[in-house]
Amino acid sequence: MATNSADAADDRPREAPETTPIMFPPVGGLIEEALLVASPRQGSGSHRSSNALADAAIMMVDDEALNIEMTQAFLQEAGYRNFMHTSDSRTAIALLHERMPAVLLLDLSMPEVSGMDILNEMREDPLLRHIPVIVLTGATDPQAKLQALAAGAMDFLPKPVDPSELALRLRNTLAATAYRDFLTHHDSLTGLPNRLMYSRYMADVIADSEARGARGAVVHVGVDRLGPVNDALGRAVGDHVLVRLAKRLASSVESEVGGELGSETHQPRLFRFEGDEFAIVLPHVEGEEMVAAFISRLMEEAGCALNRGGQTLFVTCSIGIALFPQDARGFDELAGKASIALRKAKERGPHNYEFFSPELGRSAAASLGAAAELRLAMRHDQIALRFEPCFDAQLGWMVSAQVVPTWLRAGGAIAGDALLDLMASTDLGREFAEWQLEEVQSVLAAWRAEGHDCVPLRISLSVAQIAPAAFLPLARKAVRDGLDPRLAIVEWQRVPGAEELSTSDAQALIALARMDLRIGVGRFGVAAGSLIALAHLPIDQVRLDASLMREFASDARTETVARQSIALAKGMGWKCVVTAVENLHQLDVLRHHGADQYCGPVADQPLEAQEFARKRLAPRRKGLQGGPGAQGH
């Protein structure tokens, strides 16, 4: 209970206004029952919420001391413990800033500074405008009531005030405010504290750690492949996954409270950061080993299996970690670096974790800058397609060509798989895939118009860039517009594991194959997905990753991986294309082990469309280009 000293300090004479005191009738019968229901002592809900109502700061501004005394006595009896007041309306705004009450009880008719003056000033103040105001006044003019409500008053009670009605109005106002504050500070789906609370808690933890000279960590947890879950099973299932995961993460974090990862003033705490990302604050860590031990426990708890409609869904998480103060000292920078580490962990495959490092930061910055440039390049036609001839490994005939999108930029050209990876980091995936289809269609039409027989063109796409289900309507449109599907090989990279491949994506790949488009998998042997998933897809061919050829001569183990990848592809009934073949020794080894096609510097470099046609395409004949009619190298 607090009393403003302004009541006693101001001895200046004032005119006594005509006022109507608040009259509290005797408490009894139904009125007493209503008071009990409306009081924090008898409030519905949890004990914690009742305590919160009882502790809520209630401020009253009224020039009649009797009204204040009676209201204070009633509120004390009703169970409210935190009451402040002033009878000098000139001090009201200063007191509001000092104490920031949960509710203001305000009289309208006061000398010098009226209740309307206070309402109008509160409305213009960004800190005070959200304080709920219940107006108490003896004024009977309806216009005064409308003016007060228009100025921001939440409720209006005429004097004399019925204490049971005041209690109910006060409790409803506090409950509404508490609910509003909860929504402001908590995630509506999981009920966890949200990003706003995360930033505030981190500010306190960082300040405390700096004062103690201690270290801590932020841990970002992301659901692996949540997008395909939403696509295949619906958003409701995806939300259920997030709720289940939130509960499991909360259980793991709560088990650490009071342990070595907390400090004297702060404990580990879980937040919903954004999208499929959660955040955990560890206020005290002694080194990466301590964090890694926690992450190991966390990953065991986070994974779970869900059954929906007879389909079992395995949910895993990836984790990114940033340490403070060594990685950063502010919330935004720390959260950003933890998210960078999380993305890197996901790139390595599901159920991984990664600590932030300066190298990751430089790589992310470079990628961000290049992605921004890439948008401009797409808009200004600065990306062109080149074509790399692929040959039959046994006969030497050209049988296809790899489409190599190339971005000629000031900092050096980015082409092929590297450009594909960069494109996947932007939201231009669909636009880029559509552009490639249109360009391929245009090039094939130009070659035919010039009298050339054409070879199939292999178009590379990443599942991270555009999902097969999203690509399917683009392919159908291209075929309707004249693309011969027999001259297109759609090569997919980063095909997910069987448990993560959505039903819609698998069906889209089957639909593409039924259109006579051949389906390939890129970077086989390094970045291909689960063999269980691939075995059930309509795959025609796979392309070995270029890195296998770069290390072929210097690392015997890499040569073994290449040989085994070829044997695996042949055993699955797929054609095997080897890219980036540099010399005849590599070519001889690959031929010996059964590679079907090859391309690379040993044969030719990627060529512009006109040069490719002049150098590599034979005059048109019946049927598709291939066999002896194709020009060898």
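A salt bridge here is a side-chain nitrogen of Lys or Arg within 4 Å of a carboxyl oxygen of Asp or Glu. The search of the whole structure returns 25 of them. The model is predicted: local features need pLDDT of at least 70, side-chain atom pairs count only at pLDDT 80 or more, and totals for chains, interfaces and linings use all residues. Residues are numbered from 1 along each chain as its sequence is written, and side-chain values use heavy atoms, with hydrogens and water left out.

**Salt bridges**

- Glutamate 274 and arginine 195 join through their side chains in a salt bridge, 3.4 Å from N to O. Glutamate 274 sits in strand β7 (residues 269–274) and arginine 195 in helix α9 (residues 195–212), so the bridge ties together parts that are 79 residues apart in sequence. Helices (H or I, at least four residues) and strands (E, at least two) are DSSP runs, numbered from the N terminus.
- Glutamate 274 is partly exposed at 40% relative accessibility. Arginine 195 is partly exposed at 34%. The cut-offs are under 20% relative accessible area for buried, over 50% for exposed, and partly exposed in between (1.4 Å probe, protein chains only).
- Aspartate 239 and arginine 235 form a salt bridge at 3.5 Å, N to O. Both belong to helix α11 (residues 235–254), where they are four residues apart, about one turn of the helix.
- Aspartate 239 is partly exposed, with a relative accessible area of 24%. Arginine 235 is exposed, at 58%.
- Lysine 477 bridges to aspartate 481, with 2.9 Å between the closest N and O atoms. Lysine 477 is partly exposed at 38% relative accessibility, and aspartate 481 is partly exposed at 45%.

- Strand β8 (residues 277–282) is largely enclosed by the rest of the structure, because six of its six residues are buried.
- In a regular strand, side chains alternate between the two faces of the sheet. In β8, Glu277, Ala279 and Val281 are buried on one side, and Phe278, Ile280 and Leu282 are buried on the other.
- Strand β6 (residues 216–223) runs antiparallel to β8, with six bridges joining them. Two strands pair if DSSP finds at least two bridges between them. Valine 219 faces isoleucine 280 of β8.
- β7 also pairs with β8 in the antiparallel sense, over five bridges. Here phenylalanine 271 stands opposite alanine 279 of β8.
- The hairpin of β7 and β8 has two residues between the strands, and glycine 275 there takes a positive phi near 55°.

**Nonpolar cores**

- A nonpolar core is a set of buried Ala, Val, Leu, Ile, Met, Phe, Trp, Tyr and Cys residues joined through side-chain atoms within 4.5 Å. In soluble globular proteins, nonpolar side chains tend to be buried together.
- The largest nonpolar core has 79 residues, and those touching the most other members are Phe387, Trp447, Leu457, Phe471, Trp492, Leu512 and Phe612. Helix α16 (residues 429–449) gives the most to this core, contributing eight residues.
- Tryptophan 447 touches Phe387, His452, Cys454, Leu457, Ala609, Phe612, Ala613 and Leu617, leaving aside residues up to four places away in sequence. Contact means heavy atoms within 4.5 Å.
- A second, separate core holds 37 residues, among them Ala217, Ala302, Cys304 and Leu313.
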